[in-house]
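This report concerns a protein chain and the ligand placed with it. The sequence and the structure are shown first.

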Amino acid sequence: MLGDISFRNYKKNDIHGLALYPATMVAPVQNIILQELLKSEDIYSVLDPFFGSGTALYEALELSPKIKLIGCDINPLAHLITKVKLQGLTKNIKKDVEKLKYYLDNIQIDNYSFHNMNKWFRSDIIDSLKKIRQSIMLIECKKNRLYFWSILSTFIRKYSNTRSSTYKLHIKDIDSIQRMKNNLIDDFLTSVEQNISKFTISSSNVKLYKKDSLKQLTKFKNNSIDLSISSPPYGDNATTVPYGQFSSLALHWIDKKDLVFDGWELNNYSAIDRRSLGGCYKGSIENETGSLLLQPFLDNISKSKQKKVISFFRDYFIFLDELCRVTKKYIVLTLGNRTVDGVNINLTSITQEYLEHNNFRNIYECDRDIPNKRIPKLTSKVNNIPVFSMNKEFVIIHKKIV
Ligand SMILES: C[S@@+](CC[C@H](N)C(=O)[O-])C[C@H]1O[C@@H](n2cnc3c(N)ncnc32)[C@H](O)[C@@H]1O
């Protein structure tokens with residue numbers, strides 16, 4: 001069906017490089033899958049229930065400008081970045097950049113602060129961030145303001161005291177903190193100016209929810225979405241990718257009025273991760289098919305580690321049930337198989353069988369190497385046995401049997 005999908009040399013020089021977000025999908029892969037499906041059938045709506053930085057939704061828009069885009073993500077930073085990519089900028093953006101520069105030159109630093117600000121940022125960086133924050137807040141046009149915030153989010157992390165080698169918050173050593181050169185305002189402005197030209201399309205036919213997908217999907221009607229495409233988390237965020245923790249420093253700086261923000265998200269650095277898929281234990285898996293598929297893997301995992309796996313799959317099967325209910329034609333998933341206690345949990349085969357059981361026939365599967373991974377291939381040793389992190393991802397396409 002599809003040709004080579006390795007895209008080894010893909011660099012995010014396009015709009016997907018706008019802001020840093022963990023574990024993003026590879027845009028050209030999603031693009032060729034969508035191309036194939038959009039040409040084979042009439043597809044009027046696309047859903048990504050875990051849109052992250054909006055890769056799949058943006059690629060769908062590029063291929064089909066009138067298509068209805070629906071998405072959900074629990075993380076306000078993901079919501080911000082995706083909204084900006086899809087809604088674009090106004091024609092006054094260059095004037096707003098000039099205003100921004102003027103404010104940056106003339107602003108008086110205020111006394112904004114948050115818990116542990118001085119732990120995560122050097123004092124001169126705090127001053128620069130305050131200047132940028134206050135200047136962005138003075139821009140009247142919301143669309144352009146959101147663009148400035150999304151660009152800033154990457155630099156907040158880059159200039160923070162947390163290590164860049166992990167998505168978790170992990171303080172750098174004193175030397176590295178002191179060695180950092182403060183080029184923040186210039187870097188920010190350069191990126192603001194360079195990224196403007198990447199905005200060539202936009203859509204108003206978009207509905208993005210900053211919500212828990214498990215709850216949001218229950219509100220959608222049966223068969224109301226033609227095509228669902230996503231890369232769900234591969235396990236609970238705390239032990240896989242802590243999207244919430246990664247985003248928390250940026251979320252502290254961005255004006256809450258410009259975020260879809262309920263208030264609980266920054267209660268602590270793990271608040272978003274705990275409310276994400278599999279983030280807290282709610283009891284055993286109630287679903288019989290799911291239990292049977294998971295049991296062979298659980299049998300080989302120590303009791304202490306089983307709980308995390310059960311928490312994740314309990315939520316995951318509920319999610320899959322809802323996805324099958326709301327999707328009319330195709331489900332496309334990009335998945336990874338993680339290792340727990342030395343056991344490779346085959347999320348891909350579990351998902352395939354589960355979808356088949358739910359009336360979605362598998363029509364395509366392939367794997368691709370994940371190049372340039374931030375997480376080293378060998379992540380740790382357990383009982384002196386090396387544990388390899390995921391370096392392959394799997395794409396599966398299922399079609400509803402009618
Ligand atoms: C693998 S990432 C998606 C990346 C995306 N495909 C991209 O290219 O940027 C998984 C996403 O699921 C979100 N997520 C996890 N649990 C969620 C939940 N219960 N409801 C909504 N979103 C959730 C995370 O915030 C994260 O953005």
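The text below describes the overall fold of the chain and then the surroundings of the ligand.

The model is predicted. Its protein chain contains 15 helices and 11 strands. Along the principal axes, the C-alpha trace extends over about 65 × 55 × 40 Å. The radius of gyration of the protein chain is 21 Å, which agrees with the value near 21 Å that a compact globule of 402 residues would have.

The ligand sits in the largest cavity. It is surrounded by 20 residues, and the closest of these are Tyr21, Met25, Ser53, Thr55 and Asp73. By residue class, the shell around the ligand consists of nine nonpolar, eight polar and three charged residues.

| Residue | Protein atom | Ligand atom | Distance |
|---|---|---|---|
| Tyr21 | polar side-chain atom | oxygen | 2.6 Å |
| Ile74 | backbone N or O atom | nitrogen | 3.1 Å |
| Ser213 | backbone N or O atom | nitrogen | 2.8 Å |

Taken alone, the ligand exposes 600 Å², and the protein buries 100% of that area.

Conventions. Residues numbered from 1 in each chain as written. Predicted model: local features only at pLDDT ≥ 70, side-chain atom pairs only at ≥ 80, totals over all residues. Heavy atoms only, no water. Near = heavy atom within 4 Å. Polar contact = N/O pair within 3.5 Å; in protein donor to acceptor, adjacent residues only side chain to side chain. Areas by Shrake-Rupley, 256 points an atom, 1.4 Å probe, with all protein chains shown as cover. 1 Å grid on protein atoms, 1.4 Å probe; cavity = no way out; pocket = protein on both sides within 12 Å on 5 of 7 lines; lining within 4 Å. Sits in = over half its atoms within 2 Å of the grid points. Nonpolar A, V, L, I, M, F, W, Y, C, P; charged D, E, K, R; others polar. Helix = DSSP H or I, 4+ residues; strand = E, 2+ residues; numbered from the N terminus. Rg over C-alpha atoms; globule rule 2.2 N^0.38 Å.
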